[in-house]
Amino acid sequence: MEVLLITNDAILPINSILSEICDIEHKEITEVNVSVITQVSSLNGRLPVESSSIDLVVLVEREVEVQVGQLLDEIVKGLKAGGKVLVQKLLQRTGTTEEARATLERRLVMSGFIEAEVVALGQLLPREDAQCLTVRAKKPSWKVGSSFSIKAAPKSFPKIQIEDDLIDEDSLLTEEDLTRPELPIGDCEVGSTRKACKNCSCGRAEAEEKGEKLVLTAEQLNNPQSSCGNCGLGDAFRCSGCPYRGLPPFKMGEKITIPGNFLAADI
């Protein structure tokens, strides 16, 4: 097991630190290879360790000391996948640990560690007027650049039971439904050829009797009449064979006059 102890002090009690680690990990550490870095501030935030070569790092810092953020970036590089780091911070006895805990946990997460938590660990550097705060974190087990596939859960579709007895839609039709409807004949709007209505008053009936083409007379312009009542309303209400189609709306019995702007464009 490769263990790295880091501090800015000149000395570290190695045996007592290993004993504290055994208590917190609830196991005996055997075949351990311990490396110690003291006065770490002289390294300008750089650690002389190989990448992914350390199992456990213990960092002990005082209240005002080295740049912890830069050191944590170096530590996470030196730790093996799944390796752990213990950061102990010495604080004034009269101060509160809540703000320091939140700051330290945030720095650990920003450096790439997970599962940051406060642990009960004895003071590693003797100091009578100080209290200690120890936070343990873990390096993720995956390596930078690793990938893995995500298996999507299979979608289950509801089972639909289809009956074999299908009904032919054509069998639902009766003989009456299949008979072609006959259109009424006799109205001037229906049929292959237009004929005058039974109560025609526009002159089509007289024109048909004489075999003449229906045209407007002076009488129809000076005294217009309509049996259907729609001729004077305008083309939207007139039948397709109405002799008044194309003329402006008018009142029955009054002379049809065309306004001066009748042929002017609407736009």
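Reply: Happy to! A disulfide is a pair of cysteine sulfur atoms within 2.5 Å. By that cut-off, the structure holds zero disulfides. One thing to keep in mind is that this is a predicted model, where local features need pLDDT of at least 70, side-chain atom pairs count only at pLDDT 80 or more, and totals for chains, interfaces and linings use all residues. Residues are numbered from 1 along each chain as its sequence is written, and side-chain values use heavy atoms, with hydrogens and water left out.

Me: OK. Is Cys 231 buried or exposed?

Reply: Cys 231 counts as buried because its relative accessibility is 7%. Buried means under 20% relative accessible area, exposed means over 50%, and partly exposed is in between (1.4 Å probe, protein chains only).

Me: And what about Cys 132?

Reply: Cys 132 has 26% relative accessibility, so it counts as partly exposed.

Me: Switching to the fold, what is the strand order in the six-stranded sheet?

Reply: The order is E2-E1-E3-E4-E6-E5, in an open sheet with mixed pairing. Strands (E, at least two residues) and helices (H or I, at least four) are DSSP runs, numbered from the N terminus. Two strands pair if DSSP finds at least two bridges between them.

Me: Which strands stand at the edges?

Reply: Strand E2 (33-37) and strand E5 (114-118) do; each has a single partner strand, so one side of each is left without a neighbour in the sheet. On average, neighbouring strands here are turned by 15° against each other, direction ignored.

Me: How buried is E3?

Reply: Seven of its eight residues are buried, so E3 is largely enclosed by the rest of the structure. E3 pairs with E1 in the parallel sense over five bridges, and seven bridges join E3 to E4, also running parallel.

Me: Which residues sit opposite each other there?

Reply: Val 3 has Leu 56 in E3 as its bridge partner, and Leu 5 stands opposite Val 58 in E3. Glu 61 stands opposite Lys 89 in E4.

Me: Where does H2 lie?

Reply: H2 lies across E1, E3 and E4, running at about 155° to E4. Axes are lines fitted to C-alpha atoms, for helices over the stretch in contact, and angles run from 0 to 180 degrees between N-to-C directions. H3 packs on the sheet too, touching E4, E5 and strand E6 (130-138), and its direction makes about 30° with that of E6.

Me: What covers the buried residues of H2?

Reply: The cover includes strand E1 (2-7), strand E3 (54-61), strand E4 (79-92) and helix H3 (98-110), where contact means heavy atoms within 4.5 Å. Among the buried residues of H2 (residues 68-78) are Val 68, Leu 71, Leu 72 and Ile 75.
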